[in-house]
Amino acid sequence: MIRDQETLNILLDTISRFVRERLVPAEATVAETDRIPDDVLEDMKQLGLFGICLPEEHGGMGLTMEEEVLLTFEIGHTSPCFRSIFATNNGIGGQGIVIDGTPEQKAFYLPKLASGEIIGSFALTEPDSGSDAASVRTTAIRDGDFYVLNGTKRYITNAPEAGIFTVMARTDPAKKGADGISAFIVEKGTPGLSLGVPDEKMGHKGSHTCDVIFEDCRVPAANLIGGVEGVGFKTAMKVLDKGRINIAAISVGVAERMLEDALRYACERKQFGRPIAEFQLVQAMLADSKAEIYAARSMVIDAARRRDLGLDVGTEASCAKMFASEMCGRVADRAVQIFGGAGYLSEYGIERFYRDVRLFRLFEGTTQIQQLVVARNMIRAHNG
């Protein structure tokens, strides 16, 4: 996108107003029912959220990475589940097709993803393959004009709602590492594809995960992403760099929301005859949170700009994801502390955010995996 600053400002103002007027009021309902209301979901589709960074020629907005993170900051001011439902279309569920898909795959699937007609899902993780993504065991064996998939994927976001799955499977069993992995588009309803029972999670009500099971699932060879075997893991890593910047961005947005709520409470809540915001130890928690959010926000924008320039941002994306997600956890803890006993009660909402943001340090690469990525990249660069 970046057409002009005025256009961008209008978009961000529109999203901010939508968050305040439609999403925040629905937070309690989603937490109680574990589902996003249909009318809210339809409004999100009409607003174009399902295609914010998908190509304009395929019905999306075509936002740059920088614009996308600025929008994500705004979306972060409400429950993370609202972002989760459309983020997979723009991120891990759709970017494999955007980056490496054939022209035919792009023309057929991207308009449906951009409109929200279908929800995309990214199926990489397995029961025995999480952080060690290159150890994928799901197989895809060529049989004429089809590939036959067998295996189980775990913790797959939006799987219960998904219309298509981007599936990583091993097409060359003789190759044990990343080189034998290919990426496939598997449509909902394909014979041999089934879903497990939705997971009961610590948080993120309204955002669903479950196992995705393949039993002699016959997928057309035309659905091999890019039409080339053995490059699926590389596709996945390209997708994850972008995804990690986005997780960093949502961590910043939610941290800003939690700090706003904590500040408001501190200014209203009185003890010893005055607002607790006047107490220096409370001020220290507010100030530390503000400074860390500012640092994380700056990191995210810098990483996004570098990606827009076409630079390799593997290190920066991991740095941003690592710092921002850990920062968000610290802000959540301080916010509950500022609320005191009230922070432990569900009616104030801050405990829900406390549980929700714990996931940010786990998915799309744990903090420890980000540390390994950063350190290994540093060593590789040093050794030339």
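Strand 5 (residues 181-187) is mostly covered, with six of its seven residues buried, where buried means under 20% relative accessible area with a 1.4 Å probe and protein chains only. Strands here are DSSP runs of E with at least two residues, helices are H or I runs of at least four, and both are numbered from the N terminus. Strand 5 pairs with strand 4 (residues 164-170) in the antiparallel sense, over seven bridges; pairing takes at least two DSSP bridges. One spot to look at is S182 in strand 5, the bridge partner of A169.

A quick word on ground rules: this is a predicted model, so local features need pLDDT of at least 70 and side-chain atom pairs 80 or more, while totals for chains, interfaces and linings use all residues. Residues are numbered from 1 along each chain as its sequence is written, and side-chain values use heavy atoms, leaving out hydrogens and water.

Now for the largest nonpolar core, which has 70 residues; M44, L49, L71, F82, I245, M258 and V300 have the most contacts inside it. Such a core is a set of buried Ala, Val, Leu, Ile, Met, Phe, Trp, Tyr and Cys residues joined through side-chain atoms within 4.5 Å. Elements giving two or more residues to this core include helix 1 (5-23), helix 9 (280-308) and helix 8 (232-268). Helix 8 supplies the largest share, 13 residues.

UniProt, in an unreviewed entry, lists residues 231-378 as "domain: Acyl-CoA dehydrogenase/oxidase C-terminal". That span is 75% helix and 3% strand, and its end C-alpha atoms lie 25 Å apart.

Terms used:
UniProt positions are given in the numbering used here, feature names are shortened, and annotations may be inferred rather than shown by experiment. Buried means under 20% relative accessible area, exposed over 50%, partly exposed in between (1.4 Å probe, protein chains only).
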